[in-house]
Amino acid sequence: MMRLVFRSRAAFAGGTIVVALFAVALLAPWLAPHDPALVDPASSFASPSAAHWLGTDNLGRDVLSRLVYGARWSLGIVVVATALIMSMGVAVGVVSGYAGGLLDDVLMRLVDTVLSIPTLLLGLAIVGTLGPGIGSMTIGLASIWWVGYARVVRGLVLTLRERGFVDAARALGANDRRVVLVHIMPSVLPSVAVLASLEMGELILAISGLSFLGLGVQPPTPEWGAMLNDGRSFFFTAPQLVLYPGLVITASVLGFNLLGDGLRDALDPVDALRLGRSGA
Amino acid sequence: MSLAQWLVRRAGGAVVVWLLISFLAFSLSTLAPGDPAQLMLLRRTGDAPSETEVVELRHRMGLDRPFAARYVTWLSNASRGDLGESYRTGQPVLTELRTRFPATLTLALTALLAGLLIAVPLAAASAAARGTSLDHAARLLALVGVSMPSYWLAYVLMLVFAVMLGVLPVSGSGGLRHLVLPSLTLALGSAASITRMLRANLLDELGSDYVRTARAKGLPGHLVLMRHALRNALNPLVTVSALRFGRLLGEAVIVETVFAWPGVGRWMVESIYDRDYPAIQGFVLYIATVFIIINAIVDLSYRVMDPRVRLGAAATA
């Protein structure tokens, strides 16, 4: 699988961007030239200089340092949200697919219902009702985003359940728990990982969008969407305060999308060859 | 299954989904921190209300009744077109939604149309020239397009066309010129996503047997593409457009806020800022109703247009 990832230049480029982002987030205190919260009214709206490579914002805070620290918030929230979404989606998907029957019908009807409203709008309504903040944003997004995973996982479990190796395990006396954990899960997880990497870009957009509306991360926390929202008031005099965070968001999402596309093709090379995606 | 039977089944399914959504939408209110009666009094008078005032208003609003009873009342009102009154404006929620929805619909439909006009030729050119630098450029462009936050693209376009070139208004509404930037913002994102999907579909079709047959009998490449592959690849475009339309309504919330476009999206954000729960619930149910209808129409159009679906057993949903 890794060989295929490396053969795909796009996936490699995406992987590089993603690794670099996590490195920046981890090493933020050493990489950032200044304290991201240090207010210096004397040098507000400073142009780029040796001291402030990307200039300063309305409060004289160093823009580059804030972007560097922003990686911690943006990626941190995405990772936590994805973990929540994956556990909910896998749990419901496995139960639904393995148990079948009435439980399956009820759960899938719920999935259909959530999917019938645009995700962003439902997320907005939930976060808006819970009130602004990182916690309610993460819970709000997780509480709707899992349905897509549940549907994919259920489909996988349905086909796996009928496979020979599952029958064999059962014939050897394995109970349901053992069949699910030891025999079905290992085949489900790689697909879930690919789905997660495909969806992470979308999730970053949703998180920064909610923060941009003032419903997610609150200022002065240097999250990229929140920074963009902060910069809105000065757009006509200092457009760079809007442009820089947006560029960083775009680059991050691009990284996750490239990686996700590449992983999907690597996992399913037949499909990739047919669609001519593997070589690019 | 006859069309009539199918319609009855499909309508039944739609009603079940609608009921579930109404329950979800109404349950939202129980998630809300704080007491709506207290909030309302606080908003009206500006200072903390007394205990008796709160109890009295709770009673008048029916908040002291059990959840199930309140839900049934709300649902029966909603099914008769009464979504309650907005805390913020005191106007019926449905009236507020109805006056604003056309603006959002205009925005979303022009964006979808423009997106398709960009995406179809781009995807066709990309698939026809597969593996060339043109194809790579188109794919990279589309990938960057789906990776951009729409609100950021909105500001970039505003900077270029309104501030630097000065050819279009910065924001607001009134006249076609105000529509250009918000719908272009949404159109570019849609174009990128549709291009990606359509290119994959086209390559799928180009690899199929009937295309090989067409080629074998000596049909020139562009005719194979236009007459055979593109026509079949366009079929799923109805579904894609319907899905896209949902995304557009979601993104419209943000883009309307940036461009001060007077649609339901901006109204929803303002309702959230003001914790106007009847407005939020009403909005969710309204949009869900719109979507259930759109999805039903899409399914019906497939059933009528595509003989494989019409005759196949697949069309039981």
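# Packing and confidence in a predicted model

Trainee: Leaving aside neighbours within four places in sequence, which residues is Ala46(A) in contact with?
Mentor: Apart from those neighbours, the contacts of Ala46(A) are drawn by one criterion: two residues are in contact if their C-beta atoms, placed from the backbone, lie within 7 Å. On that basis, Ala46(A) is in contact with His52(A), Gly55(A) and Thr56(A).

Trainee: How are residues and chains labelled, and what pLDDT do side-chain atom pairs need?
Mentor: Residues are numbered from 1 along each chain as its sequence is written, while chains are lettered from A and ligands numbered from 1 in the order in which they are written.

Trainee: Is Ala46(A) buried, exposed or partly exposed?
Mentor: Ala46(A) lies in the loop between α3 (28-31) and α4 of chain A; helices (H or I, at least four residues) and strands (E, at least two) are DSSP runs, numbered from the N terminus. A residue is buried if 20 or more other C-beta atoms, placed from the backbone, lie within 10 Å of its own, exposed if 12 or fewer do, and partly exposed in between. Because Ala46(A) has 17 C-beta neighbours inside 10 Å, the residue counts as partly exposed.

Trainee: At what angle do helices α6(A) and α7(A) pack?
Mentor: Helix α6 (residues 119-130) and helix α7 (residues 134-161) of chain A have their axes 9 Å apart. Axes are lines fitted to C-alpha atoms, for helices over the stretch in contact, and angles run from 0 to 180 degrees between N-to-C directions. The packing angle of this pair is about 140 degrees.

Trainee: In the largest nonpolar core, which residues have the most contacts inside it?
Mentor: A nonpolar core is a set of buried Ala, Val, Leu, Ile, Met, Phe, Trp, Tyr and Cys residues joined through C-beta atoms within 7 Å. The largest such core has 146 residues, and those with the most contacts inside it are Phe283(B) and Val284(B).

Trainee: Which residues does Val284(B) touch?
Mentor: Residues up to four places away in sequence are not counted here. Residues of both chain A and chain B are touched by Val284(B), namely Ile117(A), Leu122(A), Ala125(A) and Ala25(B).

Trainee: Which helices do the buried residues of α12(B) pack against?
Mentor: Helix α12 (residues 264-273) of chain B is mostly covered, with seven of its 10 residues buried. Trp267(B) and Met268(B) are among those buried residues. They pack against α6 of chain A together with, in chain B, α5 (93-128), α11 (237-259) and α13 (277-305).

Trainee: Is Arg275(B) buried or exposed?
Mentor: Arg275(B) sits in the loop between α12 and α13 of chain B. Its phi is near 50 degrees, a positive value in a residue other than glycine. Since Arg275(B) has 20 C-beta neighbours inside 10 Å, this residue counts as buried.

Trainee: Which helix gives the most to the side of chain B that touches chain A?
Mentor: The contact takes 47 residues from chain B and 40 residues from chain A. By class, the side of chain B that touches chain A has 35 nonpolar, seven polar and five charged residues. With nine residues, the helix that gives the most to this side is α13(B).

Trainee: Over which residues of chain B does pLDDT stay under 50?
Mentor: Chain B averages a pLDDT of 84, and 96% of the residues score at least 70. Among the elements of chain B, α5(B) has the highest mean pLDDT (92) and helix α14 (residues 307-311) the lowest (62). Where pLDDT is low, the predicted coordinates should not be read in detail. In chain B, pLDDT stays under 50 over residues 313-317.

Conventions:
Predicted model: local features only at pLDDT ≥ 70, side-chain atom pairs only at ≥ 80, totals over all residues. Nonpolar A, V, L, I, M, F, W, Y, C, P; charged D, E, K, R; others polar. pLDDT = per-residue confidence, 0-100.
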